[in-house]
Structure formats: structure tokens, C-alpha cells
Amino acid sequence: MVQGANIQIAATVVRAELVWKQAGDGLDADASALLLTQERRVRDDNDLVFYNQPRHASGTVRHLGKHDDGDSVTDTVEVELGALEPDIEQISLCASLDGGTFGELSGLRLRLLDAQSGVELALFEMAATSETAFIAGELYRRGTGWKFRAVGQGYASGLAGLATDFGISVAEEPEPEPAAVSEPAATRPPQMQPQSEDSLPVDMRKRLDLRKEKVAVCLTKHGAQGVSARVVLVLDASGSMSSLYRDGVVADVVERMAAVAAQLEDDGTMQAWAFATESTQLPDLRIGELPTWLQTHVPAGRGPRFERLVKHRGFFGRRGREEMQDIGWGNEEQKVIAQVRAYVKENPAAVPTLVLFFSDGGVYNDVQIERELRSAADEPLFWQFVGLGQADYGVLERFDTLTGRRVDNTGFFAVDDIAKVSDEELYDRLLSQFPSWLTAARAAAILPA
């Protein structure tokens with residue numbers, strides 16, 4: 001589209017993607033949206049949706065966040081046109097930048113997509129010089145429908161200047177009072193020592209001991225007797241998993257995986273993540289604290305409830321803030337894969353990492369997942385995916401046949417009802433490919449020989 005052109009929009013939900021080429025100097029742009037009345041003004045400050053206020057109170061406009069594919073960065077805003085409040089006549093789709101100008105970014109463009117089909121409705125490539133904010137485009141009512149216009153109006157005063165023109169208040173907050181300095185305590189309280197397996201309830205300890213023996217037998221069977229590894233557990237917490245959490249299936253899976261960590265890890269500690277639309281790292285699972293961990297994070301009788309810490313940047317002179325947000329109900333496997341990869345890079349270990357990844361399917365981000373796992377092939381991680389039920393697992397099912405990796409760094413199998421699978425069968429399938437990856441990774445110098 002050229003500047004000023006407009007098109008009719010038939011879609012009821014659209015996504016506006018602000019896209020630019022990754023900048024080597026760290027410049028980073030932000031997408032935002034203004035909900036405007038017939039007077040082209042906001043009703044109040046809540047009608048600005050952006051990184052620090054990512055969801056409008058009506059739920060109809062949402063800032064979905066950024067995606068970096070290594071070449072380009074995309075920041076997305078989603079709008080439910082069919083559900084907008086009647087007095088909202090226009091949505092201005094904006095962009096802002098701190099610490100530089102848009103002229104320093106290349107490949108700046110706005111894509112408008114049908115959120116349900118993914119079909120591109122409009123593409124507007126923008127030319128920029130000294131601007132620090134843009135109205136890239138606008139969605140506006142026309143009769144009973146909606147239209148989109150390519151605007152490309154620039155501002156040199158940043159998001160604050162743009163927002164002020166539409167009625168947003170940008171008054172600065174006062175500086176905080178200096179915090180009082182407290183005197184150091186005379187003595188430090190003694191640190192709690194991790195509980196050992198001996199502290200477990202008798203029946204749980206017996207199950208653990210038996211399962212550890214079965215894990216050891218499986219490792220020996222596949223030629224990995226005495227191997228050590230860091231174990232990472234990843235749990236699907238999307239909406240479709242609710243019944244498996246309520247019925248105690250997930251809690252039972254965690255207990256059975258604890259035996260793998262107890263056998264492979266010197267201290268029996270397992271890192272854990274939960275994922276849905278977003279992902280979050282859970283507190284480490286220490287074997288001696290297993291009952292408390294299960295009751296806190298995956299109690300039977302309750303669906304998945306996980307939150308993540310979100311740090312909001314300050315804006316318009318205001319201080320940043322932190323809050324806990326629900327991780328949602330969707331399936332974004334690539335996000336948790338990226339988080340686990342980053343954790344392993346930032347926390348290197350002398351032993352390889354075995355990732356035990358449980359999901360009930362609904363996989364659809366095939367391109368992003370494949371990109372993450374292909375890149376991870378050069379890293380000291382093996383990804384064992386386990387499907388809970390016969391659903392659509394997308395690229396995860398096909399990874400064993402995908403070429404172009406130094407080593408095959410993934411395994412996958414699915415079971416109809418994991419509660420009915422014996423420990424012997426589960427551990428055999430879970431650990432059958434890990435030993436062959438160890439051999440291949442050593443031969444490829446991914447792991448020390």
C-alpha cells in the first residue's frame with residue numbers, strides 16, 4: 001500500500017504487526033494502539049494499549065509482544081473489531097522508539113493480518129528519517145464495517161508527544177523518597193538444609209526407590225550405565241490440560257520423573273518450567289521436598305494455575321513496575337524452548353542436560369519450534385517430548401526424519417493414557433534415545449569425549 005491508501009476490512013479480528021530489521025546497535029521499537037472516539041480523542045489514559053499496559057479493560061485490544069527470528073523483529077497488537085465498544089470509532093496503530101530514530105532502522109513496515117486465518121490483508125512499507133514515533137496506520141468505522149488506512153505520520157517527540165495529541169496525560173510522577181537504611185542484623189538466621197529422600201513419606205520413598213532401580217536398568221540396557229545428567233521438566237499448562245491436572249495425572253507424572261532426576265542428578269534436583277501462551281520457570285524440585293512441591297504447584301483437584309513475573313518499563317517519566325501475570329491458556333512451545341536454552345547457556349553444567357517435555361498436543365507454531373530445535377542441535381541438550389493423548393503434535397512428530405542437524409537432538413512418543421503405562425515401559429521409551437544422542441554428541445564435539 002502507498003501512504004494514504006485505504007481498504008475495506010472484512011475480518012472481525014486483526015493483528016497489526018510492526019516489523020523491522022534487527023539493529024546491530026540494539027535499537028528497539030515498540031508497537032501501541034490508541035482507542036479513539038468520534039472526536040479523535042481517548043476517553044482516558046486507559047485507552048492507550050502498549051507494553052506497559054498490554055490489555056484494554058474491554059479485552060478487545062491487546063499488545064501481544066515481540067518475536068525475534070534472528071533477522072527481523074515483530075511487535076504485535078491484536079484488535080477484535082467486532083467487539084469494540086460503540087463509542088470507539090478509530091484505532092490508531094502507533095510505533096515509538098527510545099534512544100534513536102526510525103531512520104536508523106531498516107525494513108520498517110506494518111502488516112495487517114486476519115488473526116483467524118493468518119492471511120495478510122495489507123502491507124505498508126514506511127520511510128523514516130528523524131522520527132521517534134509514528135502513526136503507522138488506522139482502523140476506522142465506515143458504515144457498519146471497518147476500513148484500514150496507511151497513514152505514516154511521524155513525530156519527533158516520541159510516544160509522549162504522540163499520545164498527548166490524543167488526550168493522554170503525561171504528567172511525571174514525583175521522585176520516590178530515599179529508602180531508610182536499616183541496621184544490619186546482629187546474626188544471620190541459619191540457612192535451611194535441603195531435605196533428603198529419607199524425609200519422604202514411607203510409601204512415596206518406596207515408590208521412588210523402586211523407580212530409581214528401573215531407571216538404572218533402562219540406562220544399562222541402552223548402554224548408558226552410570227551416566228549423569230541435569231534433568232529439566234517442562235509441563236504443558238494450556239487450557240486443554242485442565243482435566244489432567246485436576247485428576248492428578250500431572251502430579252503422578254512429576255513424581256515418576258523425579259525418579260529419573262534422582263538417578264541421574266548427583267543431588268536429585270530438577271529444574272522445572274510450565275508453559276501455555278507464556279512460560280515461567282518454577283522453583284527447583286528437590287527430591288526431599290517432593291510432597292510440598294506437588295501440593296504447591298500441581299495439586300490434584302485443581303486445574304493449572306501458573307504465573308510469571310512481568311517487568312514493565314517506565315514511560316512518560318514514570319517509574320517501571322513489576323507484577324505477576326497468568327501465563328494464559330494457549331500453546332506457545334517455542335517460548336519455553338527458548339527459555340530453557342537460555343537457562344542452560346547462562347548456567348553451564350559439567351554434564352549434559354536431558355529435557356523431559358510433556359504436552360497434550362495442539363502444536364501449531366511449527367516454523368518457530370523447528371527453528372529453535374534446529375539451533376539447539378549444537379547445544380548440550382537432548383529434548384525428549386512425550387505426548388499425553390493422540391492429538392496433533394505437529395513438527396514434534398516429524399523431527400526424527402528432519403535432516404540438516406549435526407546430531408538428532410530430539411525424541412518423541414505419545415501414549416493414550418500415561419497413567420496406564422507401566423514404569424518399566426515409560427522409562428524404557430523415555431530413555432531409549434538419550435544414550436545414542438550422548439554418543440553422537442561426543443563424536444560431534446558437542447560434549448567432551
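1. The sheet. Six strands form an open sheet in the order β14-β13-β12-β17-β18-β19, and the pairing is mixed. The edges are held by β14 (279-286) and β19, each of which has a single partner strand, so one side of each has no neighbour in the sheet. On average, neighbouring strands are turned by 20 degrees against each other, direction ignored. This is a predicted model, and the points below should be read with that in mind.

2. Strands of a sheet pair through backbone hydrogen bonds, in either the parallel or the antiparallel sense. For β18 and β19 the sense is parallel, over 6 bridges. Opposite W383 stands T410, a residue of β19.

3. Helices on the sheet. Helix α4 (residues 249-264) lies across β12 (230-236), β13 (269-275), β14 and β17. The direction of α4 is at about 170 degrees to β12. Helix α9 (residues 423-431) lies across β17, β18 and β19, and runs at about 150 degrees to β19.

4. Aromatic pairs. There are 11 aromatic pairs in the structure. One of them joins Y393 and F412: the ring centres are 5.1 Å apart and the planes stand at 55 degrees, so the pair is tilted. Y393 belongs to the loop between β18 (381-388) and α8 (395-398), while F412 belongs to strand β19 (residues 410-415), so the pair ties together parts 19 residues apart in sequence. Both partners are shielded by the cut-off of under 20% relative accessible area for a buried residue: Y393 is buried at 1% relative accessibility, and F412 is buried at 17%.

5. Ring cluster and a charge over a ring. F275, F357, W383 and F385 are linked into a cluster by ring pairs. W383 is also the residue that stands opposite T410 in β19. Elsewhere, R149 lies over the face of Y140, at 4.3 Å from the ring centre.

6. R405. This arginine is found in the loop between α8 and β19. Is R405 buried or exposed? With 15% relative accessibility, R405 counts as buried. The side chains of R405 and D408 are joined by a polar contact of 3.2 Å. Leaving aside residues up to four places away in sequence, R405 touches R374, A377, F399, D400 and T410.

7. A349. The loop between α6 (333-346) and β17 (353-359) contains A349. A349 counts as partly exposed, at 41% relative accessibility. Its C-alpha atom is separated by 7.7 Å from that of R230, although A349 and R230 are 119 residues apart along the chain.

8. Positive phi values. Most residues other than glycine have a negative phi. R40 has a positive value, with phi near 60 degrees. R40 sits in the loop between β3 (29-36) and β4 (48-49) and is partly exposed, at 36% relative accessibility. A445 also has a positive phi, near 65 degrees. A445 is placed in the segment after α10 (434-443). At a relative accessible area of 63%, A445 is exposed.

Notes: Residues numbered from 1 in each chain as written. Predicted model: local features only at pLDDT ≥ 70, side-chain atom pairs only at ≥ 80, totals over all residues. Heavy atoms only, no water. Phe/Tyr/Trp six-rings, centres within 6.5 Å; stacked < 30°, edge-to-face > 60°. Helix = DSSP H or I, 4+ residues; strand = E, 2+ residues; numbered from the N terminus. Buried < 20%, exposed > 50% of the residue type's maximum accessible area, 1.4 Å probe, protein only. Lys NZ or Arg CZ within 6 Å of the ring centre and 35° of its normal. Pairing = 2+ DSSP bridges. Axes fitted to C-alpha atoms, helices over the stretch in contact; angles between N-to-C directions. Contact = heavy atoms within 4.5 Å. Polar contact = N/O pair within 3.5 Å; in protein donor to acceptor, adjacent residues only side chain to side chain.
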